[in-house]
Amino acid sequence: MNTIPIIFNETIIPYTAVGGKEHIGSSGITAVVLNRSPLVRRAFFQEIEKTGFDTVISIESSAPHYDIEELAGRFPFVRFIIPEREINLGEQINLAASETQSPLFFVLRSDMKIIIGGTARRIAERLSIITEENNEKIICFKRLCTVPILMNSNYEIFPSIVVPATQKKKIQPIFAEPANEGDYTIYPFDGIGIYNKHRFIEIGGYDASINNLHWQLMDFGFRAHLWGEKIALSLNLKLSYNGELPVENSSIEESYRRFYLKNLAPILKNKNNQKKEAHLPFYRFFSFMKNSGEDIFSAWKEFKESRKWVNYNKDRWICDARELTNKWETSI
């Protein structure tokens, strides 16, 4: 397994960029399109253009593309990013975050449609908090990530709010239908949502070393909430999938082990009787080795690397996983 990244976008992904020379808005939001289907791209970009995003970043696959030059000419506000190798969801979103100049970026799939949302400027206004300091207006944004209501191709709302629950002493995700404005979710389903660029980079973005989609999302979301950030629902945003819904694989494998060591295993301990800091205690190693299926040397190498990562970020925790889950369960 790859090394845990310490800083945002630690591994630079080689890519080619085409187009994106024009701005079509000043809303404060860039649309990030994760390309999944080449069949409806012209119609999709036409609809995106009407919404008034500042620019559009389209993350492509590494396969040969024969329509990019044509599309870039037709839609000069779209910057097409073509990585030299296939990259996972987290790497795609990290790459987009490093490319955008807007304070917010809205991650979408190319087979999605915005049903309710309004203009990009209106979306940004709903997420803004305006304060005044020294007779000067200061604009900040409510949270790390805002997620929409999601619907299938039949326009039926499906469970996309993820709630952590304890089952047989293990933390398991439960999927619920969106209900109330501002309801928290552990992570943005399928990565779809509006991200605050500054906060996203501050927490390190997605862990590109976790290849399993489910555990990569769980890692991002748990880390965000454990470090005091929020991921919450907006009833003013509604999107639909035109194609098949994504399927998450939550099987216990090496991606889960990394998620466990980074998020579930650390505990908080007192520091000078004032502030608590996170710590991955040595005694966790024996149960980890027993359940990992690895030999002692491989298990220790993985455990030691996670311990180093936790120690580097030890002052960022505001609670541990057990406390977070207990608070969640008592609020629902």
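Here is a short tour of the helices, core and aromatic rings of this predicted model.

Start by selecting helix α8, residues 284–292. Which of its residues are buried? They are F285, F288 and S292. These residues cover an arc of only 65° around the axis, so they lie on the same side of α8. Now turn to the other side of α8, where K290 and N291 are exposed. To see what the buried side packs against, show α7 (254–264) and α9 (296–312).

Next, colour the largest nonpolar core, a set of 95 residues. I93, F106, Y195, F200 and F222 have the most contacts inside it. Helix α6 (residues 213–226) gives this core its largest share, seven residues. Zoom in on F222: beyond its neighbours within four places in sequence, its contacts include P164, I186, F259 and L324.

Now for the rings, which form 34 aromatic pairs in the structure. Select F175 and F189, an edge-to-face pair with 6.4 Å between centres and 90° between planes. F175 sits in strand β11, while F189 is in the loop between β11 and β12. F175 is partly exposed, at 35% relative accessible area, whereas F189 is buried at 8%.

Then pick W227 and W309. Their ring centres are 5.9 Å apart and their planes are at 15°, so this pair is stacked. W227 is in the loop between α6 and β13 and W309 is in helix α9, so the pair ties together parts 82 residues apart in sequence.

For a last stop, show F8, F105, Y195, F200, Y206 and F220, which form one aromatic cluster.

Conventions. Residues numbered from 1 in each chain as written. Predicted model: local features only at pLDDT ≥ 70, side-chain atom pairs only at ≥ 80, totals over all residues. Heavy atoms only, no water. Buried < 20%, exposed > 50% of the residue type's maximum accessible area, 1.4 Å probe, protein only. Helix = DSSP H or I, 4+ residues; strand = E, 2+ residues; numbered from the N terminus. Arc of directions from axis to C-beta. Contact = heavy atoms within 4.5 Å. Core = buried A, V, L, I, M, F, W, Y, C linked by side-chain atoms within 4.5 Å. Phe/Tyr/Trp six-rings, centres within 6.5 Å; stacked < 30°, edge-to-face > 60°.
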